[in-house]
Amino acid sequence: MTGRAQKMSQPNGGIKCVVNTCHYYGQGDHCYADKIEVQSPNAKTSDMTDCTTFTPE
Ligand code: SF4
């Protein structure tokens, strides 16, 4: 992915996220990033995937 995600004024409606320590997180388990990236290739379970757009607050 090119470029850092922008924090929007409205939540990204298709995403539920509970990572409340993320810069992009908003109350109600919303993500305010305009885009996210999820890794990694060849994951076999959901535990093997992560949002790499995560940024500490
Ligand atoms: S950027 Fe990723 S970790 Fe952060 S709130 Fe959005 S989906 Fe969650």
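Leaving out its neighbours within four places in sequence, Y25 is in contact with C17, V19, N20 and C31. The model described here is a predicted one. Y25 lies in strand 1, which spans residues 25–26. Is Y25 buried or exposed? Y25 counts as buried because it has 21 C-beta neighbours inside 10 Å, and the cut-off for a buried residue is 20 or more.

**Core and ligand shell**

Y25 belongs to the largest nonpolar core, a set of 5 residues in which the others are C17, Y24, C31 and A33. In soluble globular proteins, nonpolar side chains tend to be buried together. C31, another member of this core, is in contact with P11, N12, I15, C17, Y24, Y25 and I36, again leaving aside neighbours within four places in sequence.

Which residues are around the ligand? They are I15, C17, V19, C22, Y24, Y25, C31, A33, I36, C51, T53 and F54. This shell consists of 11 nonpolar residues and 1 polar residue, with no charged residue.

**The chain as a whole**

The chain has 4 strands and 0 helices, and its pattern along the sequence is β-β-β-β. Its radius of gyration is 11 Å, close to the 10 Å that the globule rule gives for 57 residues, so the chain is as compact as a globular protein of that length. Along the principal axes, the C-alpha atoms fill a box of roughly 35 × 25 × 20 Å. Of the 57 residues in the chain, 11% are buried.

**Backbone details in the loops**

Two residues, D29 and N42, have a positive phi although neither is a glycine.

| Residue | Phi | Other C-beta atoms within 10 Å |
|---|---|---|
| D29 | about 60 degrees | 13 |
| N42 | about 70 degrees | 5 |

D29 is found in the loop between strand 1 and strand 2, the latter being residues 30–31. With its 13 other C-beta atoms within 10 Å, D29 is partly exposed. N42 sits in the loop between strand 3 and strand 4, and its 5 other C-beta atoms within 10 Å make it exposed.

S40 also lies in the loop between strand 3 (38–39) and strand 4 (50–51). A cis peptide bond joins S40 to Q39, with omega about 10 degrees.

Note on methods. Residues are numbered from 1 along each chain as its sequence is written. This is a predicted model: local features need pLDDT of at least 70, side-chain atom pairs count only at pLDDT 80 or more; totals for chains, interfaces and linings use all residues. A residue is near a molecule or strand if its C-beta atom, placed from the backbone, lies within 6 Å of it. Ala, Val, Leu, Ile, Met, Phe, Trp, Tyr, Cys and Pro count as nonpolar, Asp, Glu, Lys and Arg as charged, and the others, Gly among them, as polar. Helices (H or I, at least four residues) and strands (E, at least two) are DSSP runs, numbered from the N terminus. The radius of gyration is taken over C-alpha atoms; the globule rule is 2.2 Å times the number of residues to the power 0.38. A residue is buried if 20 or more other C-beta atoms lie within 10 Å of its own, exposed if 12 or fewer, and partly exposed in between; C-beta atoms are placed from the backbone. A nonpolar core is a set of buried Ala, Val, Leu, Ile, Met, Phe, Trp, Tyr and Cys residues joined through C-beta atoms within 7 Å. Two residues are in contact if their C-beta atoms, placed from the backbone, lie within 7 Å.
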